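Q: Please take a close look at one part of this model. Describe where it sits, what surrounds it and what follows along the chain.

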Amino acid sequence: MSDFFLIFSVISIWIAVLEAIVIMAGAIKFIFRQNRSPLTIPANMEHYPTVSVLVPAHNEEIVIASTVEHILQLNYPARKVQVIIIADNCTDRTAENLKALKNKDAYRDRDFIILERTGKGGKSGALNDARKLATGEWLCVYDADAAPERNALAFLVQKAMEEPELFGAVFGRNKARNRSQNFLTQCINLELVTVQRVHHTGLWELFKIGTIPGTNFIVKSALIQEIGGWDEEAITEDTAISFEILTRGQLIALAPQAEAYQQEPERLSVYMRQRERWSKGNYHVIIDNIHHLFRRSSWRIKLHVLYYAASYFWFMVAIIISDIIFITNIVYQIIALFVPSIVSPFIFGGDIFVYLMIAWALMYYIYVLQINLALAADIGQSNVRNFIVSVVSYFTYSQLFLVISVRAFYSLIMDKIFRRKTKWYKTERFD
Amino acid sequence: MIDYRWFIILCIIVSSLFTLAVIILTIFTLVFRARVIQKYDRGKPHV
């Protein structure tokens, strides 16, 4: 039985390493191709479509005015931009701060709606209510802490205009504004940079697969209408809507020059709650879409489902099993110093255990290498401090993922057994 | 005892191929990093 676990672990880690190698190769191809094409800010946007920018905000008095001001100052024809801020069940001064901003001379004539909402449904509910007031051909969503860069919307739409019939949505890149706050935010920043500059680019370059990140993206209004809006039962509405878009034969394109910011959790407890919600939400989406693997769905959606299922289930189980084997053998070896007769339950014939260690070492090495490729691509971030954090983060920050995934999965099972309704948890903000 | 020689051979082949791939990716990463530093960094410390 223990031999089966060992071989399962080795093969599973190989597949994870293969996936990492393929994605990294795609990312390198993307980076070198992008470096050959100069960045062009669209000069004439008169033929560009109208856009309704939606910003859901629940108790965001700290950050909302800055974000909305950034949006109002975007480099995009003002008459083509409608801004709808949803003050969703706010008990603080979010709405008051917005009204003060709207009364400024510079913004008085702008198409700027403040929607004070007391309904249910969390972020999805807020977006669905705003959608009823939206007049734009495209909907753009920013989180309340996004503070998009001046050309972010222009770059998103520029990408959409490359293939307007095929691209149902376009997403940009998000940067951590508080990345240097502490060790946790430094690790989150490395993860964010790696996911965006390696995973997103690799998947897009090789397979034209993209996933909406929840903020800093645009989506066709007509497509959202056809889908029926955002799923108010989903706790990760961005992943859920991504699969809906793919199912309809539309692509989610990447516009890496479109940048916005996000504030990352600075406390471990806040981080764990946020990530548990994301994991649980993604488990739901995987379970809801796993049927595509066995039906006549497009290869792209099958690959996307497989990618998520492998990351959240398969590789997780393989890492847990291999960690158990490692730790058990280490513990038994220590005990054997005092009680020589004791024998570990994981005794293997031949050198297979050595190859498990080699597979693990390759996985660790490519983990660090991916991070450092991403850092090299993000000007100014490839330094000694970040290299050290990348080396250390596997043994610290990344191990949290195991705890989060197990807890999220347990919570999901308990919800199903006791028919509990999932509660949408809002990430706490910091000054 | 089960004979795992076939699996050991598979391990050697797969590990060798992966190691080669990783070496190539490392070279690309270092070359790219060197180009970026040459083009953009001016030796100033970055936070």
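A: Helices are DSSP runs of H or I with at least four residues, strands are runs of E with at least two, and both are numbered from the N terminus. On that basis His292(A) lies in the loop of chain A between α9 (268-289) and α10. The model is predicted, so local features need pLDDT of at least 70 and side-chain atom pairs pLDDT 80 or more, while totals for chains, interfaces and linings use all residues. Residues count from 1 along each chain as written, chains are lettered from A and ligands numbered from 1 in written order, and side-chain values use heavy atoms, without hydrogens and water.

His292(A) is buried because its relative accessibility is 7% (buried: under 20%; exposed: over 50%; partly exposed: in between; 1.4 Å probe, protein chains only). Beyond the neighbours within four places in sequence, His292(A) contacts Thr247(A), Ser297(A), Ile301(A), Lys302(A) and Val305(A), contact being heavy atoms within 4.5 Å. With Ser297(A), the side chains of the two residues form a polar contact at 2.7 Å (N or O atoms within 3.5 Å, one able to donate a hydrogen and the other to accept it; sequence-adjacent residues count only through side-chain atoms on both sides).

Helix α10 spans residues 299-336 of chain A and includes Ile334(A). Ile334(A) is partly exposed because its relative accessibility is 48%. Ile334(A) belongs to a nonpolar surface patch with Ile327(A), Ile330(A), Val331(A), Ile335(A), Leu337(A), Phe338(A), Val339(A) and Ile342(A), together about 860 Å² of accessible area (Shrake-Rupley, 1.4 Å probe, only the protein chains shown as cover). Patch residues have over 30% relative accessible area and no salt bridge, with nonpolar side chains (Val, Leu, Ile, Met, Phe, Trp, Tyr) joined within 5 Å and like charges within 9 Å; a salt bridge is a side-chain nitrogen of Lys or Arg within 4 Å of a carboxyl oxygen of Asp or Glu.
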